[in-house]
There are 2 protein chains.
Amino acid sequence: MAVYTEVSDVELTSFVENFSIGNLLSCKGIAEGVENTNYIIQTDQGPFILTLYEKRVKEEDLPFFMNLLEHLSRKGIICPTPLKNKKGEALGVLAERPAAIFTFLPGMWPRKIQPVHCAELGRTLAEFHVAGADFETKRPNDLSIDGWRPLFEKCAEHCDDVIPGLATEIETELDFLEANWPKNLAKGIIHADAFPDNVFFRGDKCSGLIDFYFACYDVFIYDLAICMNAWCFERDGDFNVTKAKLLLSNYRKVRVVSDEEITALPLIARGAAVRFLLTRLYDWVNTPKDAMVKPKDPLEYYKILKFHQAARSNSDYGLK
Amino acid sequence: MAVYTEVSDVELTSFVENFSIGNLLSCKGIAEGVENTNYIIQTDQGPFILTLYEKRVKEEDLPFFMNLLEHLSRKGIICPTPLKNKKGEALGVLAERPAAIFTFLPGMWPRKIQPVHCAELGRTLAEFHVAGADFETKRPNDLSIDGWRPLFEKCAEHCDDVIPGLATEIETELDFLEANWPKNLAKGIIHADAFPDNVFFRGDKCSGLIDFYFACYDVFIYDLAICMNAWCFERDGDFNVTKAKLLLSNYRKVRVVSDEEITALPLIARGAAVRFLLTRLYDWVNTPKDAMVKPKDPLEYYKILKFHQAARSNSDYGLK
């Protein structure tokens, strides 16, 4: 949770005056979000989201994200839509950061995941995949298989402080994944970070997706695997087959999933576990004492990886 | 900045249904605030503030704060007003914490303090002091002179890690303050934490005070001294006499300040510097690596204390 950049009242007022959104009443930093600084601003026309882009998002990628969100909105996907200022531009500069104002999405992310949430997520994720299919820009995924070993090497020497023997375990796992990672699976725009805090609900109905700043062009089922890891494991580490079945079956009602994709899913989920284990390890060993963001526990994803390593067949996942 | 307690969507929905504030649309944790967890909630009637009280506020003090805010609102002071639920109660329970919903105050706190802000603060602080004069409950100030030595003793052994020799310096200062602390100055309800982030403005006009959870019964000019330290020193540590004069002169337009109070103000400001130096030191040495709140720099208040120790007369403060 973080507000990395303070915005002065004077600067903000003049920034907001560039948009046709009424008079600024208030601005409060939102605790959620790790990559960027987000404020909720109130004007006499209602609430909006102000995002300041910090260094973790590459500036040259920002037009991709703006265009993607506009594209998705036009296709009926409920997501934050960037507003254009009076000059017709979505991106501006505020507090020396690239900045944009977005529509406000009603809804809350589910703190306690119920099966119905997984069903809704499956449908929503597939609708998003279908809506993004004709989006032309193909931003590569820096955090897919080719990115893992370099990331591991940056924190390898500290791995064993977290779990003794972890460095060797990860190295063996990377060897395995690199040798077996499937090719030629269906690709398109994926969210790549659809954790529960990025999926809003009103009651039992999904009311939108947020935080597309890992979105990229990669295999669709990598997105499904990330969701399976993030939504279908209980807090004690148990895998909830009911949730996974609902996630997948509702996804398949909207987008056709090939036999190759189903066969590959357990391996892809194993890779997705490594991706989050590595980024969490990296953050864990590189977070200074006075940091604003509390690093997430890498152990959660170590346990998920162990589950996948031990799984014998698709039936362990409720797949067949 | 912190959200200490997560609120589930399900619990929150039923909590909000106890109030007559419309249908819940959204709830986002606010990054600001150190003592409690604050959310901004949107309903179809507009924005509200939801506060969950954490351990740093004593539960037995909560009725004092609720009653004080209601009293001040009745007297025309713009501050968050606790809403009563359908049973007529302001305090409820949410996520196993005492919780309350407040009116939303428009305005933003000033990031760059201008002289006009100090003038407005002076007037507002005095209006608040006058409005609280007939408030009957007299919560003692745990962080006035009697509280400093016990607080110092809890972090004395680590002081010299922050600045070599600091422990001895503080001990000498406490001896001095305890021997010279004035008695019989005018008392009433003070805010005791009116830092810039607790004072809202719209343009040049003060639009309200927030965060009354240090409010207590103590000498009025201790409040003025806290404000002088927090608003009238520049970032480089220089004391801005223009701001201090405006703060005091506008305060005096609303509340009569005696000669004894003016004479005592430099000493009280010295004590107020010690109070924040000590609490910041305490937080600095006691904040674990994975804490959600980044501790504030104690050095800022060490420099302010040094200024007060070196001041020769009231004229150094622009007082006469």
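These legends describe close-up views of a predicted model.

Residues are numbered from 1 along each chain as its sequence is written, while chains are lettered from A and ligands numbered from 1 in the order in which they are written. In this predicted model, local features need pLDDT of at least 70, side-chain atom pairs count only at pLDDT 80 or more, and totals for chains, interfaces and linings use all residues.

**View 1. Confidence in the model.**
The model scores ipTM 0.81 and pTM 0.87. Chain A has an average pLDDT of 93. In that chain, 97% of the residues score at least 70. Here pLDDT is the predictor's confidence in each residue, from 0 to 100.

**View 2. The open sheet of chain A.**
Five strands of chain A line up as β1-β2-β3-β5-β4. The sheet is open and its pairing is antiparallel. Strands (E, at least two residues) and helices (H or I, at least four residues) are DSSP runs, numbered from the N terminus. Two strands pair if DSSP finds at least two bridges between them.

**View 3. Strand partners in chain A.**
β1(A) runs antiparallel to β2 (residues 37-43) of chain A, and five bridges join them. One partner pair here is A:Gly29 with A:Tyr39 in β2(A). Five bridges also link β3 (residues 46-52) of chain A to β5 (residues 97-103) of chain A, again antiparallel. A:Phe48 stands opposite A:Thr103 in β5(A).

**View 4. The β4-β5 hairpin of chain A.**
β4 (residues 92-94) of chain A is joined to β5(A) by three bridges, and the two run antiparallel. Across from A:Val93 stands A:Pro98 in β5(A). How many residues lie between the two strands of this hairpin? There are two residues between β4(A) and β5(A). A:Ala95 in the turn has a positive phi of about 50°.

**View 5. Helices α4 and α8 of chain A.**
The axes of α4 (residues 145-162) and α8 (residues 259-286) of chain A come within 8 Å. They cross at roughly 50°. Axes are lines fitted to C-alpha atoms, for helices over the stretch in contact, and angles run from 0 to 180 degrees between N-to-C directions. α4(A) and α8(A) are therefore oblique to each other. Angles under 35 degrees count as roughly parallel, over 145 as roughly antiparallel, 65 to 115 as roughly perpendicular and the rest as oblique. The crossing of α4(A) and α8(A) is left-handed. That term applies if the near helix is turned anticlockwise from the far one by less than a right angle; clockwise is right-handed. Contact residues include A:Trp148 and A:Phe152 of α4(A), and A:Leu278 and A:Tyr282 of α8(A). Two residues are in contact if their C-beta atoms, placed from the backbone, lie within 7 Å. The contact of α4(A) with α8(A) has 13 nonpolar, three polar and two charged residues. Ala, Val, Leu, Ile, Met, Phe, Trp, Tyr, Cys and Pro count as nonpolar, Asp, Glu, Lys and Arg as charged, and the others, Gly among them, as polar.

**View 6. Helix α7 of chain A and two partners.**
α6 (residues 220-231) and α7 (residues 241-254) of chain A pack at about 150°, with axes 10 Å apart. α6(A) and α7(A) are therefore roughly antiparallel. Their crossing is right-handed. In α6(A), A:Leu224, A:Cys227, A:Met228 and A:Trp231 meet A:Lys243, A:Ala244, A:Leu247 and A:Tyr251 of α7(A). This contact of α6(A) with α7(A) divides into seven nonpolar, no polar and one charged.
α3 (residues 115-131) of chain A packs with α7(A) at about 30°, and their axes are 7 Å apart. That makes α3(A) roughly parallel to α7(A). The crossing of α3(A) and α7(A) is right-handed.

**View 7**
In chain B, five strands form an open sheet in the order β1-β2-β3-β5-β4, with antiparallel pairing. Seven bridges join β2 (residues 37-43) to β3 (residues 46-52) of chain B. B:Gln42 has B:Pro47 in β3(B) as its bridge partner. Between the chains, 27 residues of chain B are in contact with 28 residues of chain A. Which strand gives the most to the side of chain B that touches chain A? β1(B) does, with five residues. That side of chain B has 13 nonpolar, five polar and nine charged residues.
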